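Before us is a predicted model. The questions below take up how its parts meet, and each answer ends on the value or name asked for.

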Amino acid sequence: MTSSDNTNDTAKGETPEGPVPAMQRVLDNPFLLLFLGVTVPAVLYIIWGVMEVASVPIGN
Amino acid sequence: MAITPPSNRLWWKEPIQAVELGWIILAFLWGLFMFFFMIAWHFIGDQNLSNETYRVTPEGFEEKVVAFAEEFQKIGADGAPVEEDGVPVVAPPEGGDVYMLARLWEFWPILELKNGVAYRFHLSSTDWQHGFSLQPTNINISVHPGYEHVFTLTPTSSGDFGVVCNEYCGIGHHTMTGRIRVVD
Amino acid sequence: MTSIDQGAVPVGGVQASYRTCRFTGLRVEANAELLIKVNAVTAVIFLLIGGLMGLLVALTRWPAIQLLPAEWFYLVLTGHGANVLLFWILFFEIAVLYFAGAILLGARLAAPKFAWLAFILMLAGALMANYAVLRGDSSVMFTSYPPMMASHWFYLSLIIFAVGALLAVIIFFATLVVAKAENTYNGSVPLVTFGAITAAIIAVFTLASGAIILIPTWLWSVGLISGIDSLMYKVIWWGMGHSSQQINVAAHVAIWYAIAAMVLGAKPLSEKVSRMAFLMYILFLQLASAHHLLAEPGLSSTWKIVNTSYMMYLAVLGSLIHGLTVPGAIEAAQRRNGFNRGWFEWLTKAPWGNPAFSGMFMSLVMFGFIGGISGVVLGTEQLNVLMHNTIYVPGHFHGTVVAGTTLAFMAVTYLLVPLLFGRDIIWPTIAKWQPYFFGFGAAGISLFMMGAGTLGVARRHWDLSLTDAAHGYEFPAAAYLMMGLNGLAAILAAVGGVMFILVIVGSILAGPRLDRPGATMTFPLHDKSREAVAEYGSEIHPKLPGTIVLVTIFFAAFVLYYFVNWKYLSELWLFN
């Protein structure tokens, strides 16, 4: 495990066995997943929910 | 193995086995069914919690409830206003607006409704969050201060029903109840 | 004899010392190992405190006993929630993250000094929270809904705890970067690590939501903000409250895979399928915080339906996938191990006397059947009105968090103690029975509370008989029976809990050392030499009849219970 192909192949998406499929590269990228995993619920649950609560009309 | 990196460097390219694929499809379809069933029930079902809601002040809501109770309090055979456990029994007109408030530690007032009639129910709290839990029917709705929740409610059975608070609201939480009576 | 690199191996200029585990062959870095041990031990201490509080709660809700007076009951219930749902679970999960990020990747833990800071913040927060609750002026339940107000120490403690946990999660991500940069592994991370990544991502959302809502609430409690809108609070708080439990789901699923691999040599049926299932968790699991807002005013049905369904049940699909692939991997491995007769020999001849396996498998079955099914039903927009805030809700989540997560965490501890503390498990007979006591106790707690909830019994409620109530109401006799049975089940679970504590503490302090030459584990790992024999590649389509039967039974139960509840709903008064 010395000058390994790890950093090289991720950068180019190439391995000795061939290119890494796009979806696998997504799953292999924890920071992309982190971004998605925080953004999706932040928008669909929190922001949307807060907007709904904020727009409850005033009664008499 | 699950504790070692996948031995196949390009694991994405491995084919999915039939049993897995079959289960995924079945589970996915079941999920879609459950999703659309919730939507469908809004059209085919008679139990959907409305979200008609208005911002109110606790004092303002209390005034409305008190006015409602005074207007429609039941008068007994002896001509005196009817009370139970010290609380007015209110019999609103059929199909009209019904008001109930939740506060530390009671639901007020007691309501007398007619079986099979749809009422426009207004629910709110004048202090903390409470839980309107109608028993034994088992209808459970959250009650917030500052929010007047309006929904249509139609009793389908007669008798005495309890309202038990099921949102923890302090030391008196387990003494907080209300009552709804349904007459035929 | 484990080999310890006495001289540090300079990698990228950073000094770190490693040893190689003679049982698993994994390269274990010293800082990672120590921090895992410290977090795990701390977790178990809070499990003990929180578990004891839980027993007191159950014995109070048993009407015939009603052990604690009302004020103490609400105090202890608040403490129980915080100690087990937050402190036990998150301390243990940090240990799991460090294990999956450092040990499984053969890497050094990034920034150990910050990991220690994270630990100290978490510990300080947890102790402060217990102090706040024991003062008596913070009996607001773990949910602390405004306008009900706790002492400001309560909110501050949770903020400090959350900051510490967030720091630990960041260290986990940093460790992944270090491992990649220092080339400690080849290719993709192991599946268990991917599950841990899932848990960590959910943790970031969880803790950020917590900070966003608890900081203003704390400021309110010290008088710097005039009020907190109760509905707004609820929406944001549950972004932390329910999501914190979804961290658990990702973590315990990862642990199921880990135990299956280490004890049985099980290999994932398909890395692609299992990882995609985790992806569903990453994207959609947190939406289900909306489960707690289905009975509220002010939120539209659209918001409720989209969120409560985890986006068209895609995250539930993730769980259902794991529900097949975990037992499927076990069946495939067992058949390869020689247990190939009939449909179920792989299961009947599985190592049920090994507490790591029995705890893991019971956790799987109970999480699915009891916790999972009840959760989907409870989280259905209209069905929720049948059960919101009844004791059905704690019934559901004791099925997921106790029979599911806690039992799985207990199971993996039977592996962590020998592997990290170098001590074999003592009192193996007690250890063998422990998961059954705890598991069946937890299952009973769940089922009986669910039963009581369908009869209308309220949660967080001191007096079923409503003795001092404004207007009397009589619950049916069956409700009293349910709460009594719940009490008995709680005692059984508590016994299982005590057994666990005794065995684990005893083993750590006095278990036979495993670094002696020729020492073997009482509950051994899978014989690695057999793993080399059959790769999945040589068996393209492993036959899995037993697993197919299990998931079929599960699916049938699910569908049936789902429709039964719609029937109940349709018999209620009409409302719209």
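**Contacts and strands**

Q: How many residues of chain B are in contact with chain A?
A: Contact is counted here between heavy atoms within 4.5 Å. By that rule chain A contributes 18 residues, and on the side of chain B the number is 10.

Q: How many residue pairs are in polar contact across the interface of chain A and chain B?
A: The count of salt bridges between chain A and chain B is 0. For polar contacts, with both residues at pLDDT 80 or more, the number of residue pairs found across this interface is 7.

Q: Which element gives the largest share of the side of chain A that touches chain B?
A: At least two residues each come from strand E2 (18–19), helix H2 (22–27) and helix H3 (30–54) of chain A. The largest share, 3 residues, belongs to H2(A).

Q: Which strands of chain B stand at the edges of the open sheet of 7 strands?
A: The sheet has mixed pairing and the order E2-E3-E6-E12-E11-E8-E9 in chain B. Each edge strand has a single partner strand, so one of its sides is left without a neighbour in the sheet, and these strands are E2 (83–84) and E9 (139–143) of chain B.

Technical notes. Residues numbered from 1 in each chain as written. Chains lettered and ligands numbered in written order. Predicted model: local features only at pLDDT ≥ 70, side-chain atom pairs only at ≥ 80, totals over all residues. Heavy atoms only, no water. Salt bridge = Lys/Arg side-chain N within 4 Å of Asp/Glu carboxyl O. Polar contact = N/O pair within 3.5 Å; in protein donor to acceptor, adjacent residues only side chain to side chain. Helix = DSSP H or I, 4+ residues; strand = E, 2+ residues; numbered from the N terminus. Pairing = 2+ DSSP bridges.
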